[in-house]
Amino acid sequence: MQKLKGFAILGNMDFNLSPEQELLRKTVREFAEQEIKPLAFDLNQKEECSIEVIQKMGDLGLMGMTVSPEYGGQGFDPLSYIIAIEEIARVDGSHAATVAAHNGLGLSPIYYFGNEQQKRRYLPDLCAGKALWGFGLTEPEAGSDAGNSQTVAKWVHGEWLINGRKIFITNASTSITRGSTVQAVTGRRPDGHPEISCILVEQNAAGFTAKPMHHKLVWRASNTSELYFEDVRVPEANLLGKRGEGFKMMLQTLDGGRLAIAAMGLGGAQGALEEALKYSQQRKTFGKHLAEHQTIAFYLAEMQTEIEAARSLLYRACWLKGEGKPFGNFAAMAKLYCSEVMKRVAHKAVQIHGGYGLMEEFPVARFYRDQRLLEIGEGASEVQKMVISRHLLRGQ
Amino acid sequence: MNIVVCMKQVPDTETKIRLKEGNGGIQTDGVKWIINPYCEFAVEEALRIRERNGGQGTVTLVCMGPDRAVESIRTALAMGVDKAIHLNDPLFEGSDNFGVAKILARAIQTIPHDIILCGKQAVDDDASQVPQILAEQLNIPHVMVVEKMEVDVANKKVTTSRRIEGGAKEVLEVPLPAVFGADKGMNEPRYASLPGIMKAKSKEVKKVTAADLGLKPEEIGVAAAKVKIQAYSLPPERQAGKKIEGGDPAQVAHELAKWLREEARVI
């Protein structure tokens, strides 16, 4: 299209992706379609988290995207990372979850808060996809209200003695998991609130058990775990960051993690739309293709519009992060909106498929199921609204 | 070992081809462009030859095409190609296969080359002529439809295996430098990896024009084309299948034979 002439360009709004970002999208899309799509149905049916696929994703460079090359990562910007998650989610939510949890929750805390020794010890293998790392935050009785944590680490004879339990921890019990970052109460603060710290627990620590959880509604081809700590002894060197800063580190980690959940909403919505678009041009009812019925065509138009709005919001949040500006509020809005857009889009995509949409053989059924996590994980939609409204009211 | 890969950007094989009004060729707007799949085998083979050779040598990509070809060049660089020459000049447009080979030959003469890898054909015009003419222009041997290559670096020769009629294989030994036309089955091209994408940012893409190669306007492009395209037409639309009904097999067979002879005129 010809550029408008005679207008002075004020400001620097630029919606172009860089050539590298375009190429990245193309590469990840091709990879996802060729290496993940053909396996997605079977792996989801069998509830199998494929180590083979993880290693292929590692070879491609997906398992250490934003970590600096110094530690074996790829050094990509936040938006590039989000584009990669979006493209995997367009094909399968479980695999997007594996990659997002690993990058955002597994690697990030070590990369951002770890000391040099910890980074050198863990990051290279994690970035190569040779090993996975969990992020142990949620407990049976504590999620977003992390202050209610029951997992306790006591300082005994120069070691941390950990007791407690974690639940719903992604990537924490595969055959290649090397350990988890565990949030634990390490004491009481002067104001009476619990003092929370993060401790790195390796998989082979005595008294530590990681057990896969099965029969999930969502993300059936991703590994979800329960962690049990019974007098687990961990050396002092495994404390991540400063003692008592665990809560702060967790919040920062989640801000980034929310962008990834939003990307899964965006990518999943895109995938569901494309399936619906294809199906609506194949299947005929009342003598014409579904897409030729105005009702269906309008569904498709609504889906597309919402997806583009979601993409703009999410990319803007990533842009803020990349610019080093505060992005927590935008991350919350993007997470809230993208996950709800996927809900509406997947719902319509199933509707367009009719009875077939209820069958797992049709990817829309999986998109519909997988969507449900996005409104719950890494802070439920209601928690996002708490975050957003606080920003709004504080800003008055 | 210096390896040169010639690459062409072509419309995605799933593109629905539409023609321009008149005789202007195909409509290129809205087309998704990809690396010609046979050229992709050539890129992969070049990278593998270098890897087998302990990483020694340079892989240079030579690509003729307009600005949009940069995207495919970047993909090849991200796969691991070291540098690229982008032959980009409006004067090149309308070149026939002879003209393309001539321009490629000029460019390749300016760089060290032991092995020149091409796709055996491009999936857009399927001409399958450029590699051979290129070899002639450079006055070196060529082998087409290559399935397998074994490079003997010390003795500067390559042993190739190619499919020939009847399912047989022909094994040829060729002294270097030489041109090779890559066939399907040669290898499984890699993805442009994420570290590769980052590295590609700093790789050189040299834009080269006709003037840079010392080619005059009358020597290239439409002006010099020996082949003139008379017309473009789309294949006839597929007709609905014909069903011959009836219970008696002999009668059905008779009708089918009649139809094949009189209507389809294939027997």
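Reader: Is His142(B) buried, partly exposed or exposed?

Author: Such classes rest on relative accessible area: buried means under 20%, exposed over 50%, and partly exposed in between, with a 1.4 Å probe and protein chains only. His142(B) has a relative accessible area of 32%, so it is partly exposed. This is a predicted model, in which local features need pLDDT of at least 70, side-chain atom pairs count only at pLDDT 80 or more, and totals for chains, interfaces and linings use all residues. Residues are numbered from 1 along each chain as its sequence is written, chains are lettered from A and ligands numbered from 1 in the order in which they are written, and side-chain values use heavy atoms, with hydrogens and water left out.

Reader: In which strand does His142(B) lie, and which residues does it touch?

Author: Helices (H or I, at least four residues) and strands (E, at least two) are DSSP runs, numbered from the N terminus. His142(B) belongs to strand 7 of chain B, which covers residues 142–152. Contact means heavy atoms within 4.5 Å. Leaving aside residues up to four places away in sequence, His142(B) touches Gln132(B), Ala135(B) and Val179(B). For Gln132(B), which is 10 residues from His142(B) along the chain, the C-alpha separation is 6.4 Å.

Reader: How many helices and strands does chain B have, and what part of its residues is buried?

Author: Chain B has seven helices and 11 strands. Of its 267 residues, 43% are buried. Its C-alpha trace spans about 70 × 45 × 40 Å along the principal axes.

Reader: Into which domains is chain B divided, and what separates their centres?

Author: Domain bounds come from an automatic or database domain assignment. In chain B, domain 1 covers 3–224 and domain 2 covers 238–267. The centres of these two domains of chain B, taken over C-alpha atoms, are separated by 46 Å.

Reader: How is the surface of a chain described, and what are the values for chain B?

Author: Accessible areas come from the Shrake-Rupley method with a 1.4 Å probe; for residues, only the protein chains shown count as cover. The accessible surface of chain B is about 14,600 Å², and carbon and sulfur atoms account for 50% of it.

Reader: Why is chain A said to be as compact as a globular protein of its length?

Author: The radius of gyration is taken over C-alpha atoms, and the globule rule is 2.2 Å times the number of residues to the power 0.38. Chain A has 10 helices and 10 strands. Its radius of gyration is 22 Å, close to the 21 Å that the rule gives for 396 residues, so chain A is as compact as a globular protein of that length. The C-alpha atoms of chain A fill a box of roughly 80 × 55 × 40 Å along the principal axes, and 56% of the 396 residues count as buried.

Reader: What share of the contacts in chain A joins residues at least 24 apart?

Author: Among contacts between residues at least 6 apart in sequence, 73% in chain A join residues at least 24 apart. For chain B, the corresponding share is 69%.

Reader: Which domains does chain A have, and how many residues take part in the contact between domain 2 and domain 3?

Author: The assignment for chain A gives domain 1 (19–132), domain 2 (134–244) and domain 3 (248–393). The C-alpha centres of domain 2 and domain 3 of chain A are 31 Å apart. Their contact takes 13 residues from domain 2 of chain A and 13 residues from domain 3 of chain A.

Reader: Which peptide bond in chain B is cis, and where is its proline?

Author: Most residues other than glycine have a negative phi, and most peptide bonds are trans. In chain B, a cis peptide bond joins Leu176(B) and Pro177(B), with omega about 0°. Pro177(B) is in the loop between strand 9 (169–175) and strand 10 (178–182) of chain B.

Reader: What is phi of Phe286(A), and is this residue buried or exposed?

Author: Phi of Phe286(A) is near 50°, a positive value in a residue other than glycine. Phe286(A) is found in the loop between strand 9 (284–285) and strand 10 (288–289) of chain A. With a relative accessible area of 81%, Phe286(A) is exposed.
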